[in-house]
Amino acid sequence: MSVSNESMRTIHDGRAALSSTFLDFCIKIRNNDPSILPVCGEPFNISPMCDRVGIELADALLENTSVTYLQFSTEKNSKRSAEAMAKLVRAGKCLHHIRWGGVYERWQQRDDMLCCLLPAIQESMSLKELDICLPPFGGPSNLALENMLTHTQSLRSLKLIFPDGEIEDVAVAAVQGGLKKNTTLRELTLDFSRGAATISPILTILGDHPLLRSLCLCGHVINLTGLDTWLLSETSKITELDIHGCYPGPPVIGFQRLLRALARRPTLTKLGLRGYPLGRDEARLLGVVLRNTPSLHSLDLRACALGSAGFAEFAPSLYRDTSCNVLDMSENDLIHMGFA
């Protein structure tokens, strides 16, 4: 559900006065009126808005007890409306999931918004899931991000989106430092829009995380160095690994080392290698993984350029596996073998 149509006219026009339609909309929010609330599982979407509208809407949502998933952008918001949203995040008792995006003309603006909202996320006692778009460079928000990851109260699932791919060392250090001290996360997703070659420091420290069970790497991750170290760590709790590559693309550094490490991870229950080309050597290593992982119940090999020759390398291991009940090998030119 979005704030839209007639109730949004004042918002988009940026007028100082609040329309009666919008004020009625806020009353419905306060009263948990189901006619203006999203269906279960869908976010309540807030578009960029002027100060008075942002403050009024945040106050209304603070009294609402039905909205648990909030999606908003702050690229055109001023500090006052951002502070109102921060108050909502900090004090809201039913807010469990936030997706925070936006395309900013100035990196400094994004940094300012992060510095305003990250401390509120850190202090929230209800927030369980967070999807957040981050700048790649150094700035005051890096310290706020590290503090949030270190001291978050209730966060269980985190998705960090890096829209410009490669990130500077100072930003990597902030993420690394925060994750190293974090004690609440169970699931972590790192999403890169362009080739990222500097994430190994992040991966290598995750082996000591006390609770992290699931890792997802998305986008143009071309260097998996450090992931094998994490998987082989005696303290690692990982049971689910999902990697979304971008085929065709450049060769992936450390992919065979990753497969060898997976073969020594018998407690793995879910594995996704979508978009990573599996030549005959990689397919053969995957067969070893399947033979050595009796607990594996989900396998995603979409768009891995397998072909019949690659599939033949691990097919015997797959046929003998009686635990895997979710299998996807679509987009692999296996139509003539009975696969979509």
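View 1. Aspartate 242 stands opposite glycine 272, a residue of strand S9, in a predicted model where local features need pLDDT of at least 70 and side-chain atom pairs count only at pLDDT 80 or more, while totals for chains, interfaces and linings use all residues. Residues are numbered from 1 along each chain as its sequence is written, and side-chain values use heavy atoms, with hydrogens and water left out. S8 and S9 (residues 270–272) pair in the parallel sense over 3 bridges, where pairing requires that DSSP finds at least two bridges between two strands; helices (H or I, at least four residues) and strands (E, at least two) are DSSP runs, numbered from the N terminus.

**View 2. Strand S8 beside strand S7.** S7 (residues 214–221) runs parallel to S8 and is joined to it by 5 bridges, with leucine 241 in S8 as the bridge partner of leucine 215.

**View 3. The pair of phenylalanine 162 and phenylalanine 192.** The structure holds 5 aromatic pairs, counted when the ring centres of Phe, Tyr or Trp (its six-membered ring) lie within 6.5 Å. The ring centres of phenylalanine 162 and phenylalanine 192 are 4.9 Å apart and their planes meet at 10°, so this pair is stacked (planes under 30 degrees apart). Because phenylalanine 162 lies in strand S5 (residues 157–162) and phenylalanine 192 in strand S6 (residues 187–196), the pair ties together parts that are 30 residues apart in sequence.

Technical notes: Phe/Tyr/Trp six-rings, centres within 6.5 Å; stacked < 30°, edge-to-face > 60°.
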